[in-house]
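Dear colleague,

Please read them with the model open beside you.

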Amino acid sequence: MKSPDFNQIIDRHNTGSVKWDFLDQYLQLNQTDLLPMWVSDFDFQCPKEVLQALSSRIDHGIFGYSERDELYYQSAIDWFSRRHKLTLHKEWFTSIEGIIPGLSLLIQMLSKPREGIIVQGPYYGSFAKIITMNDRVLIENPLIEDTEGYKIDHSHLEQILDQYKPPLLLLCNPHNPTGRCWDHDELLQLLILCRKYGTTIISDEIWADLLLPGQKFTSILHLGSKWHNHVIAATSASKTFGLASLRISNFLIPNPSLREAFTDRLNAHGLDVFNSLSMTAAIAAYQYGDTWLDQLQDYLAENREWFEKALASSVPWCRITKAEGTYLIWLDCRDLGLDDNALQQALIHKAKIAVSMGCSFGDKGKGFIRINLGCPRQYLEKAIAGLAQLTQ
Ligand SMILES: Cc1ncc(COP(=O)(O)O)c(C=O)c1O
C-alpha cells in the first residue's frame, strides 16, 4: 500500500468540521479567514485500511443494532500489548461513545454534588466543563514549571487531598496541553497519595499513542495490580487515527464492583448498543494501523522540529515548553507583555491564526497559547509567518 502523504492539503470546509467550519461560532469570531490551529484533531486522512474497512461495511448496507464482538476486544488488547507492553483483560472493558461523556458519567457515579475533583493545571477545558456543569468543585493542583518542563507538585497535592478529601482525581496522560508523559515514579507517588486519602484516579489516556521519538507511555495500569482497585483508564483509537467524530472509547476498569456500577449506569441511559461503523473503524485501526502510525509519528516529530527551529529564529519572544507526546505545542507568550484579550486580538488580526488560548486551560494557562501541529507543513509555515507579524 502507498505511503500516506501527510503534506497533502485536503480541504475540510463544508464537512461539518468544528475546527474549520464552526470556528467563528465556537470562538465567537466573525472572521473566517483564519488558519485553524485550535481543536485537537488533525488534517490528515485516516489509514487506508480503515477507509477500506468502512467502505466494505457500508457496502454491506445493513446497520441494525450492534454489539462489540470478540475482534473488537482482541484488536485493542493486542494493540496495547504490542505498542505499550500493557496487558489488558477483556472483562475490564466498558465502552461509551466518547471519553468526555464517559468521564462525566463517572463523575456523577463516584462523587456527590459540591464535592471536589482534582485536576492538574493547566487543565483541558472540557475537564472543567464536566466538573462544574455536574455541580462539582474543580480543585486545581498547579503543575510546577521549570526548565525541564512541567512536573506534578506532589506536596501541594497532598495538602489538597488532606484538606478536601476529594473522591476523584482526573489525570491526563499524556497531558493536554503541555505534552508531558508522566513517568513511572511520578505516577507511583500519585497512586500512593491518592490511596492514602481514598481518592480514585481516572486517567484519561486518549493521547497514549502519539509520542515523540524515544518517548515511552506509562499507563496508570502499568503500575501493577496492587493499585487496580483504585484506578480507571480511559482510551480510544480516535485521537491516534483521526476518528473523533465516529465516537467510540473504552474505559478500562479492573475493579469488578466499579465496573458493574458503571455498566449499570450505561444501561440505565440506554448506552448499551454501539455504532457499527465506529467499531469497524476501531478494529481496522488497531489491527492494521501500526505502520501508518509510525509514519505519522515521524511526520509529527519533523513538524515539531521544524516549527521549533522556525520559532527560535523568527519568533524569539515565544518560549517553547518541552513535550514528550501529543501533536500540541504549548507556547509561553508572556514576554510579549499582552493580556489574554489583547493577545487573542493580535493573533486574529495580525497573525491570522485561530489557536487555543492558554487562559481556557485555567489560571496556569494565562499568557500561553496551544497550537495544533497535526497539519501539513504548509500550514505551519503560514503560522510562523503570522506569529512573526505580532511584533511588527
Ligand atoms: C485529554 C482529552 N480527553 C478527551 C478528549 C475528547 O475525547 P472524546 O472526543 O472522546 O470525548 C480530548 C480531545 O481533545 C482530550 O484532549
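Helices here are DSSP runs of H or I with at least four residues, and they are numbered from the N terminus. In that numbering, α8 is followed by Gly 198, whose phi is positive, near 70°. Please keep in mind throughout that this is a predicted model.

To stay with α8 for a moment, this helix covers residues 184-196, 13 residues in total, and its first and last C-alpha atoms are 18 Å apart, which is close to the 18 Å expected at 1.5 Å a residue. At its start, a side-chain oxygen of Asp 183 comes to within 3.1 Å of the backbone nitrogen of Asp 185. The buried residues of the helix are Glu 186, Leu 187, Leu 190, Leu 191, Leu 193 and Cys 194. An α-helix has 3.6 residues a turn, so residues three or four places apart point the same way. As for what these buried residues of α8 pack against, the partners are the helix α7 (154-164) and the strands β6 (149-151), β7 (168-172), β8 (200-204) and β9 (231-235).

Strand β9 also holds Ile 232, which counts as buried because its relative accessibility is 0%, under the 20% cut-off. Leaving aside neighbours within four places in sequence, Ile 232 is in contact with Leu 106, Leu 110, Ile 201, Ile 202, Ser 203, Ile 220, Phe 251, Leu 252, Ile 253 and Leu 258. Pro 254 lies 22 residues from Ile 232 in sequence, yet the two C-alpha atoms are 7.3 Å apart in space.

A helix pair may also interest you. The axes of α5 (residues 99-110) and α6 (residues 125-133) come within 10 Å of one another and cross at roughly 35°, and the crossing is right-handed. On the α5 side the contact is made by Ile 100, Leu 103, Ser 104 and Ile 107, and on the α6 side by Ser 126, Phe 127, Ile 130 and Ile 131. Of the residues in this contact, six are nonpolar, two are polar and none is charged.

Lys 19 sits in helix α1 (residues 18-21) and counts as buried, because its relative accessibility is 1%, where the cut-off is under 20%. Its side chain reaches the backbone oxygen of Asp 41 at 2.7 Å. Not counting residues up to four places away in sequence, Lys 19 touches Arg 12, Pro 36, Trp 38, Val 39, Asp 41, Phe 42, Asp 43, Asn 372 and Gly 374.

Key: Residues numbered from 1 in each chain as written. Predicted model: local features only at pLDDT ≥ 70, side-chain atom pairs only at ≥ 80, totals over all residues. Heavy atoms only, no water. Axes fitted to C-alpha atoms, helices over the stretch in contact; angles between N-to-C directions. Helix = DSSP H or I, 4+ residues; strand = E, 2+ residues; numbered from the N terminus. Left-handed = near helix turned anticlockwise from the far one by under 90°. Contact = heavy atoms within 4.5 Å. Nonpolar A, V, L, I, M, F, W, Y, C, P; charged D, E, K, R; others polar. Expected span 1.5 Å × (residues − 1). Buried < 20%, exposed > 50% of the residue type's maximum accessible area, 1.4 Å probe, protein only. Polar contact = N/O pair within 3.5 Å; in protein donor to acceptor, adjacent residues only side chain to side chain.
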